[in-house]
Amino acid sequence: MAARTAVVVGAGMSGLAAAGALARTGWRVTLLERADRLRQGRAAVLLWPNALRALASLGLGGAGGIDAIATPVPPVGVRRPDGRWLHEPDGTAPPVVAVHRADLHDMLVAGLGDQVEICTGVTIRTTRPTTKRPGVSDGTTTWEADLIVGADGADSVLRRRLAPAATLVSGGYALWRAVIPWYRVPSLGDNLAGELIGDGHRFSYASLGDRGEKRGGVSWLAAAPGAARPEPAETQLTLLRRWFAGWHPPIGDLLAATEPEDLVQETVRDLRPVPRLAHGAGRGGYVLVGDAAHAMSAHAGQGPGLATEDAATLQAVLHGVVPGGSLGEALDDFARLRSARVNRMSSHVRRLDAALHSRGRFSVGSRFAPRLLDRVAAVAADWDPPSR
């Protein structure tokens, strides 16, 4: 079989996972990144069973992969801000692990192998399909390949060209993450985890690694109604301490131990409607993965999971395909499989958002939120990699 070629635009989690998946199945891959180097992520993420199955199918599971960097999160239930239970843990929640984004980035980079050429400092501005193969251009250089993978984030240039009807809608809340090193919280236990919601606000936390580990500590996430905050990090931290003052321990301790440089504020947006995720062009085509394909609320914690699912599905459907032949059918399969999955997740996540951000003394949203959190977790876990 002649060498199959792919260009992956974007070297975030979805781009790294997709590039590695293609390279491991015999594709010659060029990875284009806008930044001047591949950058490790900050803070931490939670990975659900679907993400762990996807990583295993990509050859990144087990003790030689994700297990070496992940910390199991115990079942936590959901509390009110004063500590009273909204939903006690009952042992039915799917198992979840916490992973520092820098460790996850390093694992994905190590999984690229020697079949991936990395080009940094490249800002793709347009698609340049030809009669034979798809292509992308930065205005000076054009890269052509049998397959172009758009992994260029929520503000994807490729998606705007391929599916202009899909638009980004504000999530209606601001979100922060941070990791607090263990040495700053010496009085807290080693196996921490918790989830609290109330009056449109949310705070969750989990242990990350063991004491003494380079990236060990306590990872936390906080959400509050309103737009992203434009103030300096020092002011944002002051606001967080004010908004969550009096919440059940150890939230006060975690925020007191947080420093401004620890904060990672994320812009929360939903992509509506879900665009078509694959497009034919000549003998090849384009696919969209990660936030370029399905940016959605962070409350479900499924950004990393859906990105790894994308890569695992891409690897499965493209195994053994031939450009100009079975590649077109494989791209149709990818679009069918991923669109059904993403639309299902998206509908559940929007209901969860509405409950979590209902406000007022007599709001019933927070009472429904634990049930919706459980439902989203069950839907997220209900996925297995497609067979080759």
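Two strands are taken to pair if DSSP finds at least two bridges between them, and helices (H or I, at least four residues) and strands (E, at least two) are DSSP runs, numbered from the N terminus. The structure is a predicted model, in which local features need pLDDT of at least 70 and side-chain atom pairs count only at pLDDT 80 or more, whereas totals for chains, interfaces and linings use all residues. Residues are numbered from 1 along each chain as its sequence is written, and side-chain values use heavy atoms, with hydrogens and water left out.

Six strands form an open sheet with mixed pairing, in the order 8-2-1-12-21-20. Strand 8 (116-120) and strand 20 (278-281) stand at its edges, and each has a single partner strand, so one side of each is left without a neighbour in the sheet. From one strand to the next, the twist averages 15 degrees. Within this order, strand 1 (residues 4-9) and strand 2 (residues 27-33) pair in the parallel sense over six bridges, and V9 stands opposite L32 in strand 2.

A further open sheet, of three strands, has the order 9-10-11 and antiparallel pairing. Its edge strands are strand 9 (126-127) and strand 11 (142-144), each of which pairs on one side only. Strand 9 is joined to strand 10 (residues 135-137) by two bridges, and the bridge partner of T126 in strand 10 is S137.

Among the helices, helix 1 (residues 13-24) and helix 3 (residues 101-110) pack at an angle of about 25 degrees with their axes 9 Å apart, where axes are lines fitted to C-alpha atoms, for helices over the stretch in contact, and angles run from 0 to 180 degrees between N-to-C directions. That makes helix 1 roughly parallel to helix 3, a description used for angles under 35 degrees. The contact (heavy atoms within 4.5 Å) is made by M13, L16 and A17 of helix 1 and by L104, H105, L108 and V109 of helix 3.

The largest nonpolar core has 82 residues, and those with the most contacts inside it are L22, V136 and L318. Such a core is a set of buried Ala, Val, Leu, Ile, Met, Phe, Trp, Tyr and Cys residues joined through side-chain atoms within 4.5 Å, buried meaning under 20% relative accessible area (1.4 Å probe, protein chains only). Helix 9 (residues 326-356) contributes the largest share of this core, eleven residues. Apart from it lies another core, of 24 residues, among them A178, W220, W247 and I251.

Methods:
Buried < 20%, exposed > 50% of the residue type's maximum accessible area, 1.4 Å probe, protein only. Parallel < 35°, antiparallel > 145°, perpendicular 65-115°, else oblique.
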